[in-house]
Amino acid sequence: MSNVEVAEATSRERIPLNGVDTPRLFATINAVKAQPELAKFQFRATNTWVKGTHSRSRIEAFSGAGGEHRHTGDIQFNADHPAVLVGTDKAPTPVEFLLHAIAACITSGIGNIAAARGVTLTEVESVIEGDIDLRGILGLSPDVRNGYEAMRVAFRVKGDASPEKLQQIVEQAKARSAVFDVLTNGTAVEITADCTRG
């Protein structure tokens with residue numbers, strides 16, 4: 001949120017809204033403002049090959065807010081390919097997780113920002129599409145990229161504010177979305193491998 005939005009929100013009484021603990025949200029913003037080092041986080045996952053195109057990731061510990069943390073439950077995600085792409089269709093494809101990631105990231109932002117602005121939401125839904133040409137990953141054309149050529153996220157948002165204010169909330173959520181940033185600005189990715197015969 002911008003300084004103006006924070007000031008606007010702090011002038012109102014802070015009450016939980018839309019399932020967001022708004023007082024805690026602003027306490028977190030104020031704590032990070034006072035101690036910027038608390039904002040440094042590292043999220044981690046461990047992935048294990050199961051068979052064929054099927055693998056399983058575990059999300060357990062992460063660091064941030066000045067310490068190490070563990071999720072409260074067992075978080076696992078499976079990934080696979082559908083039969084038409086030589087898989088067993090036991091889970092979404094890895095690129096389908098990107099569709100979930102961008103929608104979930106912006107949706108959580110909408111929930112937080114609406115609560116901070118005192119807007120009660122009644123519905124937030126989105127339809128996400130990604131266009132990909134598999135000639136790239138199949139090695140059939142060096143001119144075709146491996147990833148999505150385009151993605152579209154269409155939101156439908158209802159709440160007790162004007163359509164213009166709801167649109168501003170969506171735009172702010174997009175502007176602050178970590179996943180949108182990663183997908184549109186790129187992120188350096190280092191890959192190493194420890195390979196042994198076995």
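## Cysteines

Let's start with a cysteine: C105 is buried, its relative accessible area being 19%. That value falls in the buried class because the class covers anything under 20%. C195, in contrast, counts as exposed, with a relative accessibility of 68%. Keep in mind as you browse that this is a predicted model.

How many disulfides does the structure hold? The count is zero. As a reminder, a disulfide is a covalent bond that joins the sulfur atoms of two cysteines.

## Helix 3 against helix 5

C105 also turns up in a helix contact, on the helix 3 side of the packing with helix 5. Helix 5 spans residues 178-185, and the axes of the two helices lie 7 Å apart at an angle of about 130 degrees. Helix 3 is therefore oblique to helix 5, because an angle has to be over 145 degrees to count as roughly antiparallel and 65 to 115 to count as roughly perpendicular.

Which residues make this contact? Helix 3 brings L98, A101, I102 and C105, while helix 5 brings A178, V179, F180 and L183. Sorted by class, the contact of helix 3 with helix 5 has eight nonpolar residues, with no polar and no charged ones.

## A look at L183

L183 deserves a visit of its own. This leucine lies in helix 5 and is partly exposed, at a relative accessible area of 33%. Leaving aside residues up to four places away in sequence, L183 touches L98, I102 and M151.

For a sense of distance, take L183 and H71: 112 residues separate them in sequence, and their C-alpha atoms are 25 Å apart in space.

## Helix 2 against helix 3

Helix 3, which covers residues 94-116, also meets helix 2, residues 22-34. Their axes come within 10 Å and cross at roughly 95 degrees, so the two helices are roughly perpendicular to each other.

T22, L25 and F26 of helix 2 make this contact with N112, A115 and A116 of helix 3. By class, the contact of helix 2 with helix 3 has four nonpolar and two polar residues, and no charged ones.

## Salt bridges

How many salt bridges does the structure hold? There are ten. One of them pairs D131 with R152, where the closest N and O atoms are 2.7 Å apart. This pair links distant parts of the chain, as D131 sits in strand 5 (residues 121-131) and R152 in strand 6 (residues 150-159), 21 residues apart. Both ends are partly exposed: D131 has a relative accessibility of 31%, and R152 has 37%.

R58 and E60 form another salt bridge, with 2.9 Å between the closest N and O atoms. Here R58 is partly exposed at 33% relative accessible area, and E60 is likewise partly exposed at 31%. A further salt bridge joins the side chains of D133 and R135, at 2.6 Å from N to O.

Technical notes: Residues are numbered from 1 along each chain as its sequence is written. This is a predicted model: local features need pLDDT of at least 70, side-chain atom pairs count only at pLDDT 80 or more; totals for chains, interfaces and linings use all residues. Side-chain values use heavy atoms; hydrogens and water are left out. A salt bridge is a side-chain nitrogen of Lys or Arg within 4 Å of a carboxyl oxygen of Asp or Glu. Buried means under 20% relative accessible area, exposed over 50%, partly exposed in between (1.4 Å probe, protein chains only). Helices (H or I, at least four residues) and strands (E, at least two) are DSSP runs, numbered from the N terminus. Axes are lines fitted to C-alpha atoms, for helices over the stretch in contact, and angles run from 0 to 180 degrees between N-to-C directions. Angles under 35 degrees count as roughly parallel, over 145 as roughly antiparallel, 65 to 115 as roughly perpendicular and the rest as oblique. Contact means heavy atoms within 4.5 Å. Ala, Val, Leu, Ile, Met, Phe, Trp, Tyr, Cys and Pro count as nonpolar, Asp, Glu, Lys and Arg as charged, and the others, Gly among them, as polar. A disulfide is a pair of cysteine sulfur atoms within 2.5 Å.
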